[in-house]
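Student: Could we go through this structure together? I would like to start with the helices and then turn to the backbone.
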Amino acid sequence: MIKIYPLLFMYNARCSLLLFLTVLLLLSCKHKKAEYSFYYWKNTNNYSDYFTNKKEDSLIVKLGVQHFYIKFMDVDWSEHLKIPVPANSNNYESAIFTPLTVTQTYTPVIFITNRTFERIDSVWCNDSLAVKLKRKINETSSEIENAIAENKMYRYRDSVGYSPNFDYDAFRDSVRKTRPVPYNEIQIDCDWTASTRDKYFAFLRSLKKQFPDKIISVTIRLYPYKYPDKIGVPPVDKGMLMCYNLGAINNPETKNSIFDLHELKAYLNAKHYKLPLDIALPIFGWYVWFRDNQVKGLIYQSQLNENIIRHNFDSIVPHRFQMNKDFVIDNNYLREGDILREEFPDKEELITAATLLHNKFPNAQHITFFDWDYKRVKEYENTIQKIYTVF
């Protein structure tokens, strides 16, 4: 009689191996989770503004933040010089830029005003602007890398105590040498229009020639996303869909100009966009100041507190406050009867939006919040964690 048990065993073993390999293949085909990112959008040359403390470092680690999009500079048109010039260019030379001692990598972001492309000539678009930006980006990146090495040196010295025999210069050099390539992407932030499209797109092509080994990305507002035939699709590698600033800020009837889930859904009905897209969501806010239904300005939360609101404002409807007497906030003279419209993203709406966006853009490589501010991040911490689990 032929014994079949060994044959059955071999058959089962082969089936088990095949099943195991199939599971591995399926797992390898699963979409890679998006990296967790923040915009870092300070306008300052004061190095003390770049200090973070252990609480901030711990929060970065706790949230699993892997990347920062750092604004290097603004570029605007100079009516005096008749050329584009850097404005609010950040100086990182002596900055102790501690977030990057935790996350390691970043993306330089350059904001360029649309009026720059309204006035610029073709020579600047096709060559000069990109050449000058390359120099500034390289300089600023070097400053940041020096600042990171300096910060790590100070932290090491604080942890072990100062020693006159320790070669701190060599320590800084070793940090520079062992850090990974700091960035592989450059992002341009510009609210271009149909009339500036050709010049803006020419500049982007020129920038790619200056950085052939880098990813060139751009910010995409929801209107250009929904109407690419009118506004055009930028000739770049990818985009960051900015899911905020959805409503008309100067309209008294607007519910929330920063974030409104209903408005977002209306834009997401658009057809497939021809660029890979990452996602940016807001955690910032302000109070829009109205007088006689006309916008007078913006009041920020740092300028207000509960005591000021309680004694000087009456709540008339949700998220609307009316001055009950004249009052000065910083240099803003508010009169009795003026209205403040509170505009901060609703936390539950953000979570719902994350699910919608994940379904629409399952291949997003970064889910990014605007922007990194410790107090604001702490306020939205649980919301951020829930959104990150979606992606």
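Tutor: We shall take a helix pair and then some backbone details.

Tutor: This is a predicted model, in which local features need pLDDT of at least 70, side-chain atom pairs count only at pLDDT 80 or more, and totals for chains, interfaces and linings use all residues. Residues are numbered from 1 along each chain as its sequence is written, and side-chain values use heavy atoms, with hydrogens and water left out.

Student: At what angle do the axes of H5 and H7 cross?

Tutor: The axes of helix H5 (residues 122-160) and helix H7 (residues 197-210) cross at roughly 50° and come within 8 Å. Helices are DSSP runs of H or I with at least four residues, and strands are runs of E with at least two, numbered from the N terminus. Axes are lines fitted to C-alpha atoms, for helices over the stretch in contact, and angles run from 0 to 180 degrees between N-to-C directions.

Student: Which residues of H7 make the contact?

Tutor: On H7 they are Lys199, Ala202, Phe203, Ser206, Leu207 and Gln210, where contact means heavy atoms within 4.5 Å. Among the H5 partners are Cys125, Leu129 and Lys134.

Student: New topic: where is the cis peptide bond?

Tutor: The bond from Phe370 to Asp371 is cis, with omega near -5°. Asp371 lies in the loop between strand S16 (366-370) and helix H13 (374-379).

Student: And what is the phi of Asn293?

Tutor: Asn293 is not a glycine, yet its phi is positive, at about 65°. Asn293 sits in the loop between strand S9 (286-291) and strand S10 (294-299).

Student: What about Asp330?

Tutor: Asp330, also not a glycine, has a positive phi of about 55°.
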